[in-house]
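Take a moment with the sequence and the 3D view before reading on.

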Amino acid sequence: MKRTLFPLITLVGWLTGTACAQEDPFARLKTYDFQQRQVVEELRVEVQKSLAEPTNRARLEDGLIAVLRDPTATFAGKQEACHLLRMLGAERSVAVLIGLLGDERTADIARYGLESSPSPTVAKSLMTALKTARGKRAVGIINTLGNRGAADAAPALVPLVTHPDRMIADAAVVALGKIGTPSAIAVLRATEGRPLLVGQALLRAGDRLAAGGKPVQAAELYAFQAKRGRESAVRVAALRRLASVDPKQALAIGQNALTASDERVAATAGNVVATVADRATVRKSVPAWRKLPPVALMPLLAGLTARREAAALPLAESALTAENELLRVTAVQALATLGGAKAVPTLVTVAATGQGETKQAARVALVQLPGADADAAILRTAKTGEKSARLALLGILAERGTGEDVALLTASVADADETIVTEALKAVERHRVPMENGVLLRTLTDTSSETVREAAQSTLVANARLVPGTEDALIAALEPAAPPVKAILLGALARIGGDRGLTELSKAVGSSDADVKTAAITGLAETWGDARPLPLLLATAKTDAGKTYRIQALRGYFRLLGQEERMPPAERVAKVKDGIAAAERPEEKQQALGILRETRVPEAMELANAALDDPALFDVAADTALYLAAEQKKGDATLPAVKGPATLAALNKIAQKATDDTVKGQARKLLGS
Amino acid sequence: MTDLGPINRRSFLNRLVGVGTGTALFHIVPASALGRAGRLAPSNRITIGCIGMGGMGNGNMDAFLGQPDTRVVAVCDVDKNHLRDAKNKVDRHYNNKDCTAYADFRELLARKDIDAISLATPDHWHAVPAVLAMNHGMDVYGEKPISHCLAEGRAMADAQKKNGRIWQTGSWQRSVDNFRQACELVRNGRIGKVVRIEVGLPTGRPCDPVQFKEAPPELDYEFWVGPARWHPYCDQRAHWNWRWQLDYGGGQMMDWIGHHGDIAHWGMGWDHTGPIEIEGTGEYPKQGIWDAATTYYFTCKYPGGVEMIVANGGNRGIRGGTKWIGENGHWIWVDRGGLDANPRSLLEEKAGPNEVHLLRSPGHHREFLNAVKTRQPTLTPAETAHRSASIGHLGQIAMLTGRKLRWNPVTETFLDDPGASRMLSTPMRAPWHL
């Protein structure tokens with residue numbers, strides 16, 4: 001259907017749609033333009049109401065039929081009329097809809113109303129129309145007959161299977177499959193060529209037989225296709241269906257197909273055999289199945305696992321050493337599902353010594369292995385197994401997280417073996433296992449290993465989010481602790497970031513012990529996460545006797561200031577100014593200038609401008625000033641340029657003094673010169 | 001002879017479900033599959049044809065190009081520009097000119113050397129190529145929502161089972177940890193008995209008057225319209241915007257029901273069922289070509305009395321994302337990048353060894369490829385996707401009819417409502433059919 005007068009359609013539609021707003025809806029539908037939807041919506045609502053309350057139905061049906069009969073009605077209007085008649089299921093509209101089938105422009109929209117019409121006359125009328133239809137019109141009618149399952153239409157469709165128009169011939173094959181009467185099946189079986197299309201049509205006919213209570217006939221059709229289908233897709237689909245209606249026959253055909261050279265067939269055979277094989281067959285077949293290629297063995301083993309077929313356990317055990325990694329993973333899953341607690345030693349070995357995905361699969365299987373027997377087997381191995389097995393199980397215990405698992409992890413944290421302790425601590429932290437603080441603190445304070453101490457510190461920090469009172473426990477442990485331990489406790493408090501921890505860190509900044517003091521200043525300057533320690537850090541930067549401490553404190557001061565985005569800009573600049581005043585080296589002043597870049601207020605520019613007078617700061621100050629003086633993009637937002645006397649002064653200085661021509665040029669450009 | 005007893009269509013299909021779709025006890029899926037690059041047997045390489053090369057199609061193709069054991073061998077689109085760009089991208093990736101470009105998906109599906117297709121066409125173009133591909137023995141990675149109408153979804157789900165194919169839907173949120181965690185918490189009863197579920201989806205918008213015109217020469221518009229009702233071309237019709245037109249998509253509601261509605265079902269273990277009562281209202285534009293509901297609010301009642309509200313976010317307080325509410329007032333909410341609960345301590349909980357563990361996905365595309373090799377079900381088989389999409393289809397019908405509908409999720413029929421029943425399917429223009 002060629003449609004070319006689009007602008008005209010649009011113009012006329014809009015004009016008429018507006019002008020006719022109050023008129024009879026059917027008159028307006030005749031001029032519907034594809035976008036003034038008001039009338040379509042009104043009629044849709046009316047049609048739906050009439051389905052609940054039929055008094056208005058005849059009027060609606062008559063109105064819509066009148067639209068279809070009107071030669072001046074638009075295509076859009078007629079299309080909607082057909083759609084609405086379809087909703088109505090109107091029997092009286094059949095004649096007019098059949099009439100539209102004769103015109104290529106309206107044949108499709110006519111079928112909208114006919115395809116689901118409850119009228120018993122539709123099929124006969126369609127067959128009459130089919131006699132004179134050609135091309136797509138004929139195909140459409142055939143499709144509708146097929147979709148309606150019109151058994152009476154089979155004789156009319158049979159000769160079309162060999163129609164010279166391939167489109168019509170194919171449509172007839174598909175429709176006969178949907179109709180699925182004995183005569184239709186006979187014709188399809190006798191049809192040569194198009195093996196995929198015909199094969200699928202026959203399967204569809206088989207589906208109709210199966211659903212209609214004729215499983216034996218369906219099985220015969222499926223088995224024929226499963227054995228003799230010329231297309232692997234048909235053989236596969238037939239075998240799948242056969243399993244549903246005749247498992248014994250499916251097993252026999254499937255067993256033979258397990259070694260088929262066509263991988264699709266072999267894979268499906270594995271899938272089907274897994275579903276239909278009885279236990280005795282599985283037991284008897286395992287030796288032969290061990291030799292199957294992965295393409296058949298994987299679905300076979302996975303399918304047997306899914307139905308919990310214990311006789312398949314030896315198959316899983318042998319597949320554990322397969323070259324194919326995905327098959328090994330399948331074997332691990334099978335072993336865990338079918339073996340349960342008995343599989344624990346093997347799974348632990350794989351989790352400890354396996355590689356890649358196989359190892360990971362064993363880990364996950366152990367984490368998810370259910371039942372009290374499994375619990376006991378895992379705990380037994382974790383207590384008495386080889387070191388590699390114990391190490392592998394620590395994370396698994398943490399993930400399982402039962403009471404006994406946690407108890408064993410707690411014991412492992414106190415193990416004599418440093419590697420076990422470290423891994424146990426890491427597992428507890430990684431899997432967020434709440435742990436008794438006393439155990440962790442004892443480990444931290446008693447160990448001589450730096451590695452264990454650091455692991456214990458991290459675990460305590462993680463524990464603080466899970467166990468109330470962790471911060472208090474750490475603080476209580478501070479007093480009696482030796483300085484190196486105290487240092488690591490302070491580090492933990494800095495990472496936790498609580499109020500009481502801050503108090504302790506503040507006290508420790510004044511400690512006479514170098515380890516403790518260093519830990520406190522490092523914790524605040526390099527670890528702490530908010531602005532609360534700013535006054536203390538600035539005071540330390542100004543007054544501490546040790547230069548290293550002063551510098552470290554000031555750097556921490558600027559770090560925290562830089563990440564404190566909620567502070568008002570003026571306050572921030574004032575604090576930067578205080579920090580610069582305390583700075584003894586250009587490096588810290590440069591750090592301060594970096595913070596100013598993100599503080600777009602005139603006061604920031606004033607500081608940058610002042611810094612331009614210090615040759616050691618000139619380059620960084622110029623960079624900051626140019627950044628502030630220009631408009632910046634940040635995400636979707638545009639940050640305005642900082643303007644004012646300080647900006648002009650800074651840009652003039654840069655334009656005059658910069659040694660880099662690019663920098664100088666940027667300044668001049670911003671000055672507009 | 002069979003000893004299975006009388007068989008009707010539904011039990012026949014249910015038995016088919018049992019073939020290879022059993023639930024494995026251990027949800028482990030490897031992040032890499034057969035072999036490593038350089039020693040991959042040809043039979044272990046999955047050849048892929050991509051149909052629909054717009055936004056999602058390109059994204060999915062990129063994902064497959066990035067896998068070591070796949071080979072994208074063909075691309076297909078009715079827009080010559082999309083097609084050219086896709087072919088060029090594939091050829092650049094493999095440093096050759098081997099990728100074949102097709103304007104007609106039937107030619108691509110006729111190839112014997114393609115194992116799986118990636119299908120990312122507009123909704124009205126899902127069912128025909130999907131069913132044909134599965135009839136041809138191909139596996140499918142298909143975009144959500146799986147279907148344009150409920151009957152098409154049923155046809156696709158049946159085609160997957162009957163043909164023994166693997167299907168993964170682009171409902172990729174199931175492969176993301178926070179969604180899995182939320183669903184595990186719900187499944188394991190952490191909020192007690194669930195009484196209400198809220199699914200918040202985006203709000204739609206109408207479109208201004210358009211200017212109809214000839215389609216651009218690079219677009220085969222007749223093919224693009226395909227089985228759907230014909231409407232004249234305009235710039236607001238095809239690429240991307242098809243979503244807002246009921247003849248080609250289903251509005252924001254259908255565009256997202258396969259995400260947050262799908263997650264709601266996953267959390268409840270409702271992958272094979274649906275609601276029993278549906279009612280609601282929607283605001284359908286009265287002008288312009290975008291006719292899908294812009295705002296909407298409908299309620300689905302499930303067996304056991306659980307209510308699911310689906311609405312555009314903000315409508316009567318519904319929050320975007322998926323929220324399950326328990327009888328004691330505890331709740332879990334999840335969205336992209338967000339997971340929240342009341343009480344918040346629930347977020348620290350995990351599934352123990354004797355509880356439900358949902359699949360830990362190695363990535364949505366990877367999980368599909370592994371399933372292609374093991375022939376085990378994916379996270380989102382066609383049946384699952386069909387049930388998720390059904391929420392939206394049923395809600396749409398309820399809003400369009402303005403009636404409370406009663407639904408049988410086993411037979412998938414309305415009770416005593418032939419008018420609503422006729423809306424379950426959409427007739428196709430010739431020559432297209434399922």
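How many residues does the contact take from chain B, and how many from chain A? Keep in mind that this is a predicted model. The contact takes 71 residues from chain B and 88 residues from chain A. Look at the chain B side. Five helices of chain B give two or more residues each to it: helix 1 (9-18), helix 6 (150-163), helix 10 (364-374), helix 11 (382-401) and helix 12 (418-421). Helix 1 of chain B supplies the largest share, five residues. By type, the residues on this side of chain B are 28 nonpolar, 28 polar and 15 charged.

Now take chain B as a whole. Chain B holds 12 helices and 15 strands. Its radius of gyration is 22 Å, close to the 22 Å that the globule rule gives for 434 residues, so chain B is as compact as a globular protein of that length. The C-alpha trace of chain B spans about 60 × 55 × 55 Å along its principal axes. Of the 434 residues in chain B, 58% are buried. Among contacts in chain B with a separation of 6 or more, 73% join residues 24 or more positions apart.

Next, find the sheet. Nine strands of chain B form an open sheet in the order 13-12-11-7-10-9-8-14-15, with mixed pairing. Strand 13 (338-342) and strand 15 (413-414) of chain B are the edge strands, and each pairs on one side only. Strands of a sheet pair through backbone hydrogen bonds, either parallel or antiparallel. In chain B, strand 7 (residues 194-201) and strand 10 (residues 307-312) run parallel, joined by six bridges. One residue pair to locate is B:E198 with its bridge partner B:I309 in strand 10 of chain B.

Helices lie across these strands. Helix 9 (residues 251-268) of chain B lies across strands 7, 9, 10, 11 and 12 of chain B, at about 155 degrees to strand 7. Helix 11 of chain B lies across strands 8, 9, 10 and 14 of chain B, at about 65 degrees to strand 8.

Finally, turn to chain A. The axes of helix 9 (residues 135-147) and helix 11 (residues 166-179) of chain A come within 8 Å and cross at roughly 10 degrees. That angle is why helix 9 of chain A counts as roughly parallel to helix 11 of chain A. Residues that meet here include A:A138, A:V139 and A:I142 in helix 9 of chain A, and A:M167, A:I168 and A:A171 in helix 11 of chain A. The residues of this helix contact in chain A are 11 nonpolar, three polar and one charged.

Key. Residues are numbered from 1 along each chain as its sequence is written. Chains are lettered from A and ligands numbered from 1 in the order in which they are written. This is a predicted model: local features need pLDDT of at least 70, side-chain atom pairs count only at pLDDT 80 or more; totals for chains, interfaces and linings use all residues. Axes are lines fitted to C-alpha atoms, for helices over the stretch in contact, and angles run from 0 to 180 degrees between N-to-C directions. Helices (H or I, at least four residues) and strands (E, at least two) are DSSP runs, numbered from the N terminus. Angles under 35 degrees count as roughly parallel, over 145 as roughly antiparallel, 65 to 115 as roughly perpendicular and the rest as oblique. Two residues are in contact if their C-beta atoms, placed from the backbone, lie within 7 Å. Ala, Val, Leu, Ile, Met, Phe, Trp, Tyr, Cys and Pro count as nonpolar, Asp, Glu, Lys and Arg as charged, and the others, Gly among them, as polar. The radius of gyration is taken over C-alpha atoms; the globule rule is 2.2 Å times the number of residues to the power 0.38. A residue is buried if 20 or more other C-beta atoms lie within 10 Å of its own, exposed if 12 or fewer, and partly exposed in between; C-beta atoms are placed from the backbone. Two strands pair if DSSP finds at least two bridges between them.
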